[in-house]
Amino acid sequence: MDSFSSPSSGSSSQFSPNEFRDQLKTQLAQAYAEEFLETLRVKCFDKCITKPGSSLSGSESSCISRCMERYIEATGIVSRALFKTPH
């Protein structure tokens, strides 16, 4: 029998509903962060790096920095608007 079909035996390896919820939230937050960073990397790279080479030029570096700041700021604005609690 697997752990999903076996009866609860009071084992410490079993999650309580709250522990399970917290673990799920943590995993979802990690997955979101990874996806966010990958999207940020791809979008800013595509926008700022026109001729890939062994190092970044000053203008490419500045572009990436500005792109990342803008993307993070825009994501924050959208997130606040979506999760804003009505007064």
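**Disulfides of a predicted model**

Visitor: What is the handedness of the link of Cys-48 and Cys-63?

Guide: In this predicted model, a disulfide joins Cys-48 to Cys-63, with an S to S distance of 2.0 Å. The angle about the S-S bond is -70°, and with that value the link of Cys-48 and Cys-63 is left-handed.

Visitor: Which helices hold Cys-48 and Cys-63, and how many residues apart are they?

Guide: The pair links distant parts of the chain, for Cys-48 is in helix 1 and Cys-63 in helix 2, and the two are 15 residues apart.

The cut-off for a buried residue is under 20% relative accessible area. Cys-48 has 6% relative accessibility and therefore counts as buried, and Cys-63, at 15%, likewise counts as buried.

Visitor: Which residue is joined to Cys-44 by a disulfide, and which parts does the pair tie together?

Guide: Cys-44 lies in helix 1, which spans residues 17–48, while its partner lies in helix 2, residues 58–83, so the pair ties together parts that are 23 residues apart in sequence. The S to S distance is 2.1 Å, and the angle of -85° about the S-S bond makes this link left-handed. The residue joined to Cys-44 is Cys-67.

Visitor: Is Cys-67 buried or exposed?

Guide: Buried means under 20% relative accessible area. Cys-67 has a relative accessible area of 13%, so Cys-67 is buried.

Visitor: What pattern do the disulfides of the protein chain follow?

Guide: A search of the whole structure finds two disulfides. With bonded cysteines counted along the chain, the pattern is 1-4, 2-3.

Terms used. Residues numbered from 1 in each chain as written. Predicted model: local features only at pLDDT ≥ 70, side-chain atom pairs only at ≥ 80, totals over all residues. Heavy atoms only, no water. Disulfide = S-S within 2.5 Å. Helix = DSSP H or I, 4+ residues; strand = E, 2+ residues; numbered from the N terminus. Buried < 20%, exposed > 50% of the residue type's maximum accessible area, 1.4 Å probe, protein only.
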